[in-house]
Amino acid sequence: MTTLDGLIDGIVDTHVQQWNPRRSPRLGRRMSRVQRVVPRFGDRVFSVVSSQAEREYLLTPRLVARAYEPRQYSNDVAAVPAVCGVPIESVVVTDAYTPLDEGEYPPDDHCVAEVDYLLGLPFGTASAPALGAMMVRGNPTLDGFGERLDSQLAVSDRIRGIQINASRHPDPKVRDGCQTDGLLATPAFLRGMEAVAGRGLAAEIFVYSHQLYDVVSVAREYPDTTIIVDHLGCPVGAFGPVGLRTGTTAAARADILRLWRERMTSLAAQPNIVIKLSGLALPVLGYGSEPWGNIGARDTLTHMVGPLVKHVVAHFGSSRVMFGSNFPLDKPNASFEMVVGSLLDVLEPWGEHVLRSVFRETARKAYRIGD
C-alpha cells in the first residue's frame with residue numbers, strides 16, 4: 001500500500017467549503033426553496049422544487065440544507081490516515097455554496113461577516129485540522145470591488161486571494177455559475193483584476209473546460225499573479241450524459257476529453273497557472289444521477305480520472321499541481337478516503353517528490369501557508 005508517512009507530516013486540503021444555514025451570513029440572507037424544504041421533506045421533493053441543472057450539480061439537497069463545519073469535516077476525514085498514513089494537516093476554505101448569482105454581491109457588512117464566521121469556526125481544535133488559508137468570493141467587474149477586498153483583508157491575514165465562479169455552459173440544462181458569457185475575457189474583468197494583482201493576491205477560477213482559453217488571457221495579462229484553476233478544468237459530460245445533450249454519446253465524450261487535453265496543454269505554457277486536483281467526483285462530470293452515489297469503488301474512480309490526472313502532471317509538473325477535496329459537494333459520489341486513495345494509485349509511479357508536492361508542498365507555496 002502506498003503511504004505518505006515519512007514523506008509529509010500531513011495533507012493540505014485546498015478546497016473545503018464550510019457553511020451553516022443558521023449562521024453563515026450569505027446563506028442566511030437568501031436561502032433557496034430547496035434549503036427551506038429539505039429539513040422537512042428531503043430528497044422526496046428535490047426533483048419537484050429544483051431544476052435539472054441543480055439536481056445534477058448537487059445530487060442531493062441535504063448537502064446545502066444542513067451545516068457543514070469542522071466537526072462534520074473531521075468525521076469525513078477520520079479514515080484518511082488508514083489509507084495514506086498521515087492525517088489532514090490544514091485546509092484552505094473556499095467560498096461556500098450559495099444561491100446568490102455571481103452578478104450579485106452581498107452588502108459590504110456581509111462580506112466582512114462571512115470572514116468573521118469562518119474565523120470563528122473551531123479549526124485546529126480537537127480532531128479538526130488547522131485553517132491554513134481562506135479565499136473570498138469576488139467579481140472584479142463590480143464597482144467597489146477593491147474597497148470590499150480591503151475591508152475583508154483588514155479582518156484576517158489568512159486571506160490569500162479571491163474565488164471567481166465564471167462557469168457558463170452552452171447546454172441550457174447545465175448549471176451556470178455566473179450571468180456573463182466570457183466574463184474572464186471582458187475588458188472590465190481584466191481591468192478589475194488590477195485590484196487583485198496590486199494587493200499580491202491569487203485568483204482562483206472555476207470554469208468549464210470549453211472556457212479554459214479565457215483563463216490564458218487572465219494569466220497573460222497578469223503574469224506575476226498566481227492563477228489557480230479549480231476541479232481539473234471541469235470537462236462536463238466527460239464520463240456520461242449531463243444536461244440536455246452534453247456527453248450523450250461515446251464520440252461526444254471523446255471529443256470533450258480531446259478538447260480538454262488541448263486546452264490544458266495551452267494553460268501549462270503559462271508559468272503562473274496552478275491546477276487543482278479537486279472535484280474528481282463532481283457529479284457534472286457525468287458519473288450519474290443517483291443521490292446515494294454513482295462511482296462505487298476506488299478502482300473505478302482511479303480508472304476514470306487517472307488519465308486526466310496524468311495529463312495534468314505531465315504538462316504542469318508537480319510544482320504546479322495540488323490536491324483539493326471539494327468536500328462536501330463530492331461526498332455523494334465518493335468518500336474522502338476513496339478520493340485520496342485513488343490519487344495515490346495514480347501518482348505513486350511518479351515517485352516521492354510528486355507525492356510530496358501534490359499533497360502538501362505546492363499548496364503551501366500557492367497559498368503562502370505558514371507565512
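Reader: Which residue in β2 is the bridge partner of Q17?

Author: In this predicted model, Q17 has T94 of β2 as its bridge partner.

Reader: What makes β1 and β2 a pair of strands?

Author: Pairing requires at least two bridges between the strands. Strand β1 (residues 11–17) and β2 are joined by five bridges, so they count as paired. The two strands run parallel.

Reader: How do you know that β2 also pairs with β3?

Author: The test is again at least two bridges. Between β2 and strand β3 (residues 130–137) there are four, so this pair qualifies too. These strands also run parallel, and A130 in β3 stands opposite S90.

Reader: Why is β2 called mostly covered?

Author: A residue is buried when its relative accessible area is under 20%. Six of the seven residues in β2 (residues 88–94) are buried, so the strand is described as mostly covered.

Reader: Turning to the helices, why are α13 and α14 called roughly parallel?

Author: The axes of α13 (residues 250–268) and α14 (residues 298–316) cross at roughly 25 degrees and come within 9 Å. Angles under 35 degrees count as roughly parallel, and therefore α13 is roughly parallel to α14. Their crossing is right-handed.

Reader: Which residues of α13 and α14 meet?

Author: From α13, L257, W260, R261, M264, T265, L267 and A268 take part; from α14, L308, H311, V312, H315 and F316. By class, the contact has eight nonpolar residues, three polar and one charged.

Reader: What makes R261 count as charged?

Author: R261 of α13 is an arginine, and Arg is classed as charged, so R261 counts as charged.

Key
Residues numbered from 1 in each chain as written. Predicted model: local features only at pLDDT ≥ 70, side-chain atom pairs only at ≥ 80, totals over all residues. Heavy atoms only, no water. Buried < 20%, exposed > 50% of the residue type's maximum accessible area, 1.4 Å probe, protein only. Axes fitted to C-alpha atoms, helices over the stretch in contact; angles between N-to-C directions. Parallel < 35°, antiparallel > 145°, perpendicular 65-115°, else oblique. Left-handed = near helix turned anticlockwise from the far one by under 90°. Contact = heavy atoms within 4.5 Å.
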